[in-house]
Amino acid sequence: MTRHPGLGRLTAGLATATVLCVTASGCVTVHGELEVLPGAKKPEAAQALKDFTDAYNAADKAFDPALDADRVTGSLGAINQAGLKARQTYNPDGNKAHKPLVLDDATYVIPKKAGWPRWFLADTDSNRDQDGGKLDTRWLVVFVRSGPDALWKASYLAVVPPSQVPEFTLDEDGFATPVKPGDDSLAVAPAELSSSYTGYLQSGAPDVFTPSTATSGWRETRRTTRRAGFSYQYVDQPLTSAAFAPLGLRTEDGGALVFFSSKHFERQTAAKGLRPEVNADVKALLTGEVNSSLTKERVSSQLVHVPPREAAAGSESGSGSGGKVRMLNRLPGLVAAKGADSEEGQRKEEQARHHHDVDGEGLPCAAA
């Protein structure tokens, strides 16, 4: 990726408009604003990063979700707000171990696009790692602005080694190229990544991901999880609407770097006389009473490299993924928990789960 000089815990309303519609590309158009423009000016992007970091530090120090609620959204916001809410419950005096987060050495990758929302990627260095060597990382933060009067909000975060940050396709003015949700030139269109991922976790199909701890490894962990007197069930659901929509940038190898979200449920059912364990985070976010059953709901954000479709057809992609989607980072967080006792309660729980969605208004200070 072109660079220029210069979690730990971390890990929206649309502007009122007379005319507002969602275009086929997924862009929101306000008052007919169809001109292709940069998502932000660099000074504006730098201010958005500062405002976010300041708000995050205030919220983390006090364990108060209200202090950064207007600076986060999407999966990052859902995770952050739930985590802060949980920790505030059992640390009412705040975070005595707070260490201010610093995000510097920022490079801003700003795509040109028409309409709203507009967005950009901040490629930053944090003070949560060791510079140089195997433990060095880059924090990639996506900022979204839903309308001309809206605040910039952080919607995605990924932590990756510097070597995993690709070269982006830039125009003559240095602006990046966004990827449309339905782009069929890629092995998997961004709009299909969440359903492909959750489908793969459930059944092993479609088999479009390279082996990793977050793909084949997670399926194997689920398959082999055993505890005497307990059974486990897993449900995975796509998360693609509004603030949870995938966002991607074209890379020089013909593929794309894409952020996307998903939702995951884990239900633990105990035999008679046993009871699922409830830790402090679960207790803080719990509804109902845990007797024989406990369901944990998590929201997760993923960063992937998607090769071009021709690589998926058989040729080796430049990323070495053999034409499959390569998982670069996964950031999950507990957002809710529910207890149940009888079979009837579990059926109601199942029905509620299929109708419930996370509003995203709410980094993570992720709960377990």
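Modeller: Start with a charge and a ring. Arg227 lies over the face of Phe230, at 4.0 Å from the ring centre. This is a predicted model, and every value here is computed from it. A second case involves Arg222 and Trp218: the charged end of Arg222 sits over the Trp218 ring, 4.3 Å from the ring centre.

Now follow the chain from Phe230. Strand β9 covers residues 230-239. Strand β9 runs antiparallel to β11, and 10 bridges join the two. Within that pairing, Pro238 stands opposite Ser262 of β11.

Ser262 has a partner in β13 too: Ser300 is its bridge partner there. β13 spans residues 293-306. It pairs with β11 over 14 bridges, in the antiparallel sense.

β11 also pairs with β10, residues 247-250. That pairing is antiparallel and has 4 bridges. Gly248 is bridged to Val258 in β11. The hairpin of β10 and β11 has 5 residues between the strands, and Gly254 takes a positive phi near 95 degrees in it.

How buried is β11, residues 256-270? 15 of its 15 residues are buried, so β11 is largely enclosed by the rest of the structure. In a regular strand, side chains alternate between the two faces of the sheet. Buried here means under 20% relative accessible area.

Next, rings against rings. Searching the whole structure gives 8 aromatic pairs. One of them is Tyr108 with Phe120: edge-to-face, 6.1 Å centre to centre, with 75 degrees between the planes. The pair links distant parts of the chain. Tyr108 belongs to strand β4 (residues 103-109), Phe120 to strand β6 (residues 118-126), and 12 residues separate them. Tyr108 and Phe120 are both buried.

Take Tyr200 and Phe209 next. Their ring centres are 6.1 Å apart and their planes stand at 55 degrees, so this pair is tilted. The reasoning needs the cut-offs: planes under 30 degrees apart count as stacked, over 60 as edge-to-face, and the rest as tilted. Each ring of this pair belongs to a buried residue. Tyr200 has a relative accessible area of 8%. Phe209 has 2%.

Last, the cluster. Ring pairs link Phe52, Tyr108, Phe120, Phe143 and Trp152. Tyr108 and Phe120, the edge-to-face pair, are thus among the members of that cluster.

Definitions and conventions:
Residues numbered from 1 in each chain as written. Predicted model: local features only at pLDDT ≥ 70, side-chain atom pairs only at ≥ 80, totals over all residues. Heavy atoms only, no water. Phe/Tyr/Trp six-rings, centres within 6.5 Å; stacked < 30°, edge-to-face > 60°. Buried < 20%, exposed > 50% of the residue type's maximum accessible area, 1.4 Å probe, protein only. Lys NZ or Arg CZ within 6 Å of the ring centre and 35° of its normal. Pairing = 2+ DSSP bridges.
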